[in-house]
Amino acid sequence: MMENKQQGRIAKWQDDKGFGFIETENGDSVFFHVSEFKAYRRPDIGEQVVFSVGQDHQGRMQAKQVQELSFVQQKMAQKNSQIRQRNRRRSQQADFESSQKKRLFLGAGFYGVLILLAATESLSWLLVGWYVVLGIITYMMYAKDKTAAQRDDWRTPESTLHLLSVLGGWVGALVAQTYLRHKSQKPEFRLMYYLTVVINLAGLLFIISGNETDFLGKWLLFGMP
């Protein structure tokens, strides 16, 4: 906005004749007419202005598009703020998309490991199915809770969502938090969610290392030792 513009101050003003002179930063005196003063008022002597230099019909130099310096600075500040906000939104969107890919890769990788373990008979296919089904159920519960939140309806208790995660639905919860943007900002909830992941993976490692797949299948499906 300041390109090809000069700054100065109104040194003289004849209100009855509607013209005056602007003293530039170099000390020059430039004529201007009230019709070129872009404000809903009359100019004041001494005020700082921004203008461009042109010529009148007779070829004489005069100030054009005379604006209040404070107004121009305010507009520039607003424009810069809008640019920063736009850049910040773009950066946030890029970070979000990158996070989406990483989390999706993490979830797919976990299921891939389960399938590999089952293929090598280190894990029961029943348990793989349990993780997949529970992941889908957990995702659907998150989606249901988000819809309820938007409609101000009955909400799913956070303890239920955490229970689903600790039982094996944490991948579905991860995908839901990422793509639905639900339960992804509350620090307390996120901390508890990570704890459920640790607990579940610790239990899974115990089962694998102890060759206790049948025990885990019974515990998960029937709730008994």
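How many aromatic pairs does a search of the whole structure find?

## Aromatic pairs

The search turns up 9 of them, bearing in mind that this is a predicted model. Take Phe110 and Tyr111: their ring centres sit 6.0 Å apart with the planes at 50°, so this pair counts as tilted. Both residues are buried.

Phe110 also pairs with Tyr131, this time edge-to-face, with 5.3 Å from centre to centre and 70° between the planes. That pair ties together distant parts of the chain: Phe110 belongs to helix 1 (residues 69-119) and Tyr131 to helix 2 (residues 125-150), 21 residues apart. As for burial, Phe110 has 10% relative accessibility, while Tyr131 comes in at 2%.

## A lysine over a ring

Elsewhere, Phe189 has a charged neighbour: Lys183 lies over the face of its ring, 5.2 Å from the ring centre.

## The strand 4 and strand 5 hairpin

Strand 4 (residues 48-55) runs antiparallel to strand 5 (residues 61-68), and the two pair over 6 bridges. Within this pairing, Gly54 is found opposite Gln62 of strand 5. The two strands make a hairpin with 5 residues between them, and Gly59 in the turn shows a positive phi of about 85°.

## Thr196 in helix 4

Thr196 is part of helix 4, which covers residues 187-210. Is Thr196 buried or exposed? With a relative accessible area of 5%, Thr196 is buried. Leaving aside residues up to four places away in sequence, Thr196 touches His162, Ser165 and Val166.

Note on methods
Residues numbered from 1 in each chain as written. Predicted model: local features only at pLDDT ≥ 70, side-chain atom pairs only at ≥ 80, totals over all residues. Heavy atoms only, no water. Helix = DSSP H or I, 4+ residues; strand = E, 2+ residues; numbered from the N terminus. Buried < 20%, exposed > 50% of the residue type's maximum accessible area, 1.4 Å probe, protein only. Contact = heavy atoms within 4.5 Å. Pairing = 2+ DSSP bridges. Phe/Tyr/Trp six-rings, centres within 6.5 Å; stacked < 30°, edge-to-face > 60°. Lys NZ or Arg CZ within 6 Å of the ring centre and 35° of its normal.
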